[in-house]
Amino acid sequence: MAGRDLSREDALSRLDHKHACHILLYADSNAKLFGKIPIKHIVLMQMRFDGLLGFPGGLVKPSEESLEAGLSRELQEELGAAVPVTMEDYVSSHLAQSPPRLILHFYSKKITEAELLEIERAAVSNAVDHGFEVLGLTRVPLYTLRNGGGLPWFLSHSFISNSRAQLLEALQRLDLVSPQTLKEAVKKAEEMRHTVKSDPH
Ligand SMILES: O=c1[nH]cnc2c1ncn2[C@H]1C[C@H](O)[C@@H](COP(=O)(O)OP(=O)(O)O)O1
Ligand SMILES: [Mn+2]
Ligand SMILES: [Mn+2]
Ligand SMILES: [Mn+2]
C-alpha cells in the first residue's frame, strides 16, 4: 500500500486527519506443530467483518484520548481484554494514500504465551465486537511447509489497508522470522496469488 511514514509529532499535528491505531501482539512458544515443526512465536491477527485480515485496533480521536488510550479502548472492544498500551509499544505512523487523510499508527507488544492464550480464550465470550466487527482471532503461521503451506499461503490472503506490510515489517524487526525465510515466503505468496488468479475454480 502506498503512502508514507510520518513522525508521531507530524501525524498528531494533522487535526483534520482521521487516526487509527493497530497492534501486533506476540508471544514466544516452545510448541511444535505435529510434534516436530517449531512454532517459535505466536502472532495474533483477526478476520474482520469485511473478510479481510487485519490487526486488533481501530479509529482513535486524538482530541479526545491519547493514541495509546484509544488503542487500549479498541482492544477492550475487539478482544474483550485490558491490554495496557504505552508509548514503548509504539512503532510507526503511516499516511495512507487512500482513503485520504487517514493516518495509521502501528504498535507491537510482547506478552507471555499464557496471556495470549487467555486473550484468545476470553475474546469469544468477553469481546463486544466478537461475531460483528471481529469474526475471530487467528494466529499467523511463521513456518513454511514443503508444499508452501504456512506463512506463504497466509500471506497470499487479502489484508486490510497496509496491515500486510505492517506484519512483514514487524516479523523482520522483531526477528520472529529469518530474513531468508521471509523473502522466500513473500515470493511464494506472490506465486500463490498468481496461481489462484489464473485458476478461478
Ligand atoms: O490492521 C490494520 N492495519 C492498518 N490499517 C488498518 C488495519 N485495520 C484497519 N485499518 C484501516 C482501515 C480502516 O478503515 C481504518 C480503521 O480501522 P478499523 O479497525 O476498521 O476501525 P474500528 O475498529 O472500526 O474503529 O484503519
Ligand atoms: Mn472503533
Ligand atoms: Mn474496533
Ligand atoms: Mn478494528
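To begin with, are Gly57 and Glu78 buried or exposed?

Analyst: Both Gly57 and Glu78 are buried. Buried stands for under 20% relative accessible area, exposed for over 50%, and partly exposed for what lies in between (1.4 Å probe, protein chains only). The model is predicted, so local features need pLDDT of at least 70 and side-chain atom pairs count only at pLDDT 80 or more, while totals for chains, interfaces and linings use all residues. Residues are numbered from 1 along each chain as its sequence is written, chains are lettered from A and ligands numbered from 1 in the order in which they are written, and side-chain values use heavy atoms, with hydrogens and water left out.

Gly57 and Glu78 belong together through a metal. The manganese ion (ligand 4) is coordinated by Gly57 through O and by Glu78 through OE, at 2.2 Å. Donors are N, O and S atoms within 2.8 Å of the metal (3.2 Å for Na, K and Ca), and because water is not among the atoms, sites may look incomplete. Gly57 lies in strand S7 and Glu78 in helix H2, so this pair ties together parts that are 21 residues apart in sequence. Helices (H or I, at least four residues) and strands (E, at least two) are DSSP runs, numbered from the N terminus. From the manganese ion (ligand 4) to the manganese ion (ligand 2) the separation is 5.9 Å.

Glu74, Glu78 and Glu133 coordinate the manganese ion (ligand 3) through OE atoms, at 2.1 to 2.6 Å. Along the sequence, the spacing of these donor residues reads E-x3-E-x54-E. Glu74 lies in helix H2 (residues 67–79), and Glu133 in the loop between helix H3 (113–126) and strand S10 (134–139), so this pair joins parts that are 59 residues apart in sequence.

An N or O atom in the side chain of Glu78 is 2.7 Å from an oxygen atom of ligand 1. The side chain of His22 has an N or O atom 2.9 Å from an oxygen atom of ligand 1, and a polar side-chain atom of Arg48 also lies 2.9 Å from an oxygen of this ligand. Taken alone, ligand 1 exposes 530 Å², of which the protein buries 84%. These areas come from the Shrake-Rupley method with a 1.4 Å probe; for residues, only the protein chains shown count as cover.

The shell around ligand 1 holds 17 residues, and the closest are Arg48, Phe55, Leu59, Glu78 and Gln166. A residue counts as near if one of its heavy atoms lies within 4 Å of the molecule. Strand S2 (18–28), strand S7 (57–60), H2 and helix H5 (163–173) each supply at least two residues of this shell. S7 gives the most, with three residues. In H5, Gln166 is buried, as are Ser163, Arg164, Leu167, Leu168, Ala170 and Leu171. Just after H5, Asp175 takes a positive phi of about 55°.

The space taken by ligand 1 is the largest pocket. On a 1 Å grid over the protein atoms alone, a pocket is an open set of points with protein on both sides within 12 Å along at least five of seven lines, whereas in a cavity a 1.4 Å probe fits but cannot get out; lining residues have an atom within 4 Å of a point. A molecule sits in one of these if more than half of its atoms lie within 2 Å of its grid points.

His17 lies in the loop between helix H1 (8–13) and S2, and at 15% relative accessibility His17 counts as buried. The side chain of His17 makes a polar contact, at 2.7 Å, with the side chain of Asp16. A polar contact is a pair of N or O atoms within 3.5 Å; within protein, one must be able to donate a hydrogen and the other to accept it, and residues adjacent in sequence count only if both atoms are side-chain atoms.
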